[in-house]
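Hi everyone, thanks for coming.

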Amino acid sequence: PATLALTLVQGIARSERMDLVVQKATELGVTAIQPVVMARSVVKLDAATRAKKLAHWRGIAIAACEQCGRARLPAIAEPLALATWLQQPVAAGAHRLLLAPDAKRSLVGTAAGLRAVLLLVGPEGGLEESEQDAALAVGYLACRLGPRVLRSETAAVAALTVLQSVAGDLT
């Protein structure tokens, strides 16, 4: 099977929704999860809450690995502000994709042949226009999943499934 280095850059959602994203992303074989704080993120994390949430998400990933027989735990990074994340260097050959319901380009059509992907998914309420513009300015390509606007957790799981089906280990 093909190997796809897949990083989910997820806008932090409410706790049970974020837990579901971490669980399902782990089951779907992501390499890493980068939680990001965005303008519409409902959850606001102070330093103490950040450490507690990070440990909680790592525990969910461990349980998900055990459930699905996965031997490698995805890296779950310290939550960052979106603006800080967008300034991070990107590995050579990595493709930056942004889920946007109004995008012209389809995720299915874009995914073929990719070997490394950073997938940016917004929180509840999606990305603000300025956040989307900032992501596009640093090289993210806006992609849509289809005609419906999906909840954050649904969009993340559906997009990861598409990417793994088209370019990864679900082929």
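So, helix H1 (residues 15-27) packs against helix H6 (residues 152-167) at an angle of about 10 degrees, and their axes are 9 Å apart. Axes here are lines fitted to C-alpha atoms, for helices over the stretch in contact, and angles run from 0 to 180 degrees between N-to-C directions. That angle makes H1 roughly parallel to H6, a label for angles under 35 degrees. Who touches whom? On the H1 side we have Arg17, Leu20, Val21, Lys24 and Ala25, and on the H6 side Glu153, Ala156, Val157 and Leu160, where contact means heavy atoms within 4.5 Å. Sorted by class, that contact of H1 with H6 has 6 nonpolar residues, 3 charged ones and no polar ones.

Quick word on the source: this is a predicted model, where local features need pLDDT of at least 70 and side-chain atom pairs count only at pLDDT 80 or more, while totals for chains, interfaces and linings use all residues. Residues are numbered from 1 along each chain as its sequence is written, and side-chain values use heavy atoms, leaving out hydrogens and water.

Now, H1 also belongs to a right-handed β-α-β unit, together with strands E1 and E2. In strand E1 (residues 5-11), 6 of the 7 residues are buried, meaning under 20% relative accessible area with a 1.4 Å probe, protein chains only. E1 runs parallel to E2 (residues 32-37), joined by 5 bridges, and parallel to strand E7 (residues 116-121) over 6 bridges; strands pair if DSSP finds at least two bridges between them. Look at Leu8: Ile33 in E2 stands opposite, and Leu119 is the bridge partner in E7.

Key. Buried means under 20% relative accessible area, exposed over 50%, partly exposed in between (1.4 Å probe, protein chains only). Helices (H or I, at least four residues) and strands (E, at least two) are DSSP runs, numbered from the N terminus. A crossover is right-handed if, with the strands pointing away from the viewer, the path from the first strand over the helix to the second runs clockwise. Angles under 35 degrees count as roughly parallel, over 145 as roughly antiparallel, 65 to 115 as roughly perpendicular and the rest as oblique. Ala, Val, Leu, Ile, Met, Phe, Trp, Tyr, Cys and Pro count as nonpolar, Asp, Glu, Lys and Arg as charged, and the others, Gly among them, as polar.
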